[in-house]
Amino acid sequence: MLESRIENVDRAEAAAEEVARAAGFDVDEQHHIAMAVREITVNAITHGNQLDAAKKVHLDFSISPAGLIIEVRDEGRGFDASKLPDPLAPDNLLRQSGRGIFLARAFMDELDLKNLRHGLEVRMAKRKRR
Amino acid sequence: MIKMTSRRVDGVTILDIGGRITLGEGSTQLRDSIRQLLAAGEKRILVNLGEVSYIDSSGLGELVSAFTAVRAEGGELKLLNLTRKVHDLLQITKLYTVFDVHDDETSAIASFAAA
């Protein structure tokens, strides 16, 4: 569980890299997993919890023989994923922001957003290559 | 941590960057450097990312912002020496189609002169 401070983004990223290493992913996969967690944690802290230090970001890792499941949950007001602009659309290419979830989705095998009663839960999965 | 130094070669300002360009300090330093260069009238900027180990979406956004800021002033911002990780990020986000990317400093500088 992390307080909603920007410094904690680095902690979440480092924890994800460590777990990915322990789960047996290679260096590139560790980097991708850590970056996905970084991007989603940034969103949880800044957009979800709006940098409110009283609100936490909950980070759960589950290692299985099949791979790794990561859940990141904030305590914010949720989010309408259908309103996410496509960062690859020509009109959006030069936007400064809006690539975080896109990158996390690109780096993980699965990424699902779920609005809870109090907050947003992002569930990500990375499968081990056979 | 980010390291940033600038030098001038044949009328082109080369910004040598090392470390991580991420949310917070790294992105802010890049933004400030570009602003300072533009304020000093430097409009031909080559950003050398050869020693950049990591860029997150915030850092990518800052590069895009730098690109548009320089262009708005009638200048050009190009990229030099992408690491594999940064190259992959630009490919995934299609930003490779936006930036003029070079892997040789001499030809990169010449490309400004030819423009």
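1. A definition to begin with: a residue counts as buried if 20 or more other C-beta atoms lie within 10 Å of its own, and as exposed if 12 or fewer do. Please keep in mind that this is a predicted model. By that criterion, buried residues make up 42% of the 115 residues in chain B.

2. On the overall dimensions of chain B, the C-alpha atoms fill a box of roughly 30 × 25 × 25 Å along the principal axes. A compact globule of 115 residues would have a radius of gyration near 13 Å, and chain B agrees, because its own value is 13 Å.

3. How many helices and strands does chain B have? There are four helices and five strands, and along the sequence they follow the pattern β-β-α-β-α-β-α-β-α. Among the chain B contacts with a separation of 6 or more, 72% are between residues 24 or more positions apart.

4. Now to chain A, and helix α1, which covers residues 7-22. After α1(A) comes Gly24(A), with a positive phi near 95°.

5. Which residues of α1(A) are buried? They are Asn8(A), Val9(A), Ala12(A), Glu13(A), Ala16(A), Val19(A) and Ala20(A). These residues cover an arc of only 150° around the axis, and therefore sit on the same side of α1(A).

6. What do the buried residues of α1(A) pack against? Their partners in chain A are the strands β1 (2-3), β2 (56-64) and β3 (67-73), together with helix α2 (27-48).

7. Finally, the place where the two chains meet: 17 residues of chain A are in contact with 15 residues of chain B. On the chain A side, the elements that give two or more residues are α2 and α3 (100-107). The biggest contribution there is from α2(A), with five residues. Sorted by class, this side of chain A has 10 nonpolar, four polar and three charged residues.

Terms used
Residues numbered from 1 in each chain as written. Chains lettered and ligands numbered in written order. Predicted model: local features only at pLDDT ≥ 70, side-chain atom pairs only at ≥ 80, totals over all residues. Expected span 1.5 Å × (residues − 1). Arc of directions from axis to C-beta. Contact = placed C-beta atoms within 7 Å. Rg over C-alpha atoms; globule rule 2.2 N^0.38 Å. Nonpolar A, V, L, I, M, F, W, Y, C, P; charged D, E, K, R; others polar.
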